[in-house]
Amino acid sequence: MVELTVTPQSSLADRPVQVQARGLSPSQLVTLCSSLTDEQGQRFQARAFFRADEAGKVDPGRHAALGGSYSGVWPMGLFWFLQPDTLFRRLVKRDVAGSPFIVRLEVYDGLHIVTMPQDQPLASCEAERWYMAPGMQRVPIREGRVRGALFLPP
């Protein structure tokens, strides 16, 4: 049985996580995909192709991506290389205090350049990426033409 995990499942957006796929066949070619929908309903996604090791495991922090949205060893590549489905869109989190981005991770058998609705992942999981730690205070700044926010720890 194939298992896909992200550790920790809930974390701050600037903290690294570890993604691992286990239970694959040795040397199996797989596609790891990540996707999220932003607050305006725009979809962002990334994908990378991997060959499982002799234990049937894929770890983007140790194994090099063979292609896709990036290549080489990038432990956070599935998060850093998210691209919009619609051109000229940027990934921006407006409600930093109220909710996290939910990143869906999936692993597919073989190379999937485009994922079709009928394609079923071998395994999937979700990661919460928060932009504000619990107890953090956000103070809006408006001084002349300067606009911003000051984040104060508890």
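Relative accessible area, computed with a 1.4 Å probe on protein chains only, is used here to class a residue as buried (under 20%), exposed (over 50%) or partly exposed (in between). The structure is a predicted model, in which local features need pLDDT of at least 70 and side-chain atom pairs count only at pLDDT 80 or more, whereas totals for chains, interfaces and linings use all residues. Residues are numbered from 1 along each chain as its sequence is written, and side-chain values use heavy atoms, with hydrogens and water left out.

Most residues other than glycine have a negative phi, and most peptide bonds are trans.

Within strand β4 lies S34, which counts as buried at 1% relative accessibility. A polar atom of the S34 side chain lies 2.4 Å from the backbone oxygen of L78. When neighbours within four places in sequence are left aside, S34 is in contact (heavy atoms within 4.5 Å) with F44, Q45, A46, L78, L82, V103, R104 and L105.

The largest pocket holds about 180 Å³ of space. A pocket is defined on a 1 Å grid over the protein atoms alone as an open set of points where a 1.4 Å probe fits, with protein on both sides within 12 Å along at least five of seven lines, and its lining residues have an atom within 4 Å of a point; grid points are joined across faces, edges and corners, and the volume is the space filled by probe spheres set on them. Of the 14 lining residues, A13, F79, W80, R129 and Y131 are the closest to the centre of the largest pocket. At least two residues of this lining are supplied by each of α1 (77–80) and β8 (101–109). The lining comprises eleven nonpolar residues (Ala, Val, Leu, Ile, Met, Phe, Trp, Tyr, Cys and Pro), three charged residues (Asp, Glu, Lys and Arg) and no polar residues (the others, Gly among them).

How values were computed:
Helix = DSSP H or I, 4+ residues; strand = E, 2+ residues; numbered from the N terminus. Polar contact = N/O pair within 3.5 Å; in protein donor to acceptor, adjacent residues only side chain to side chain.
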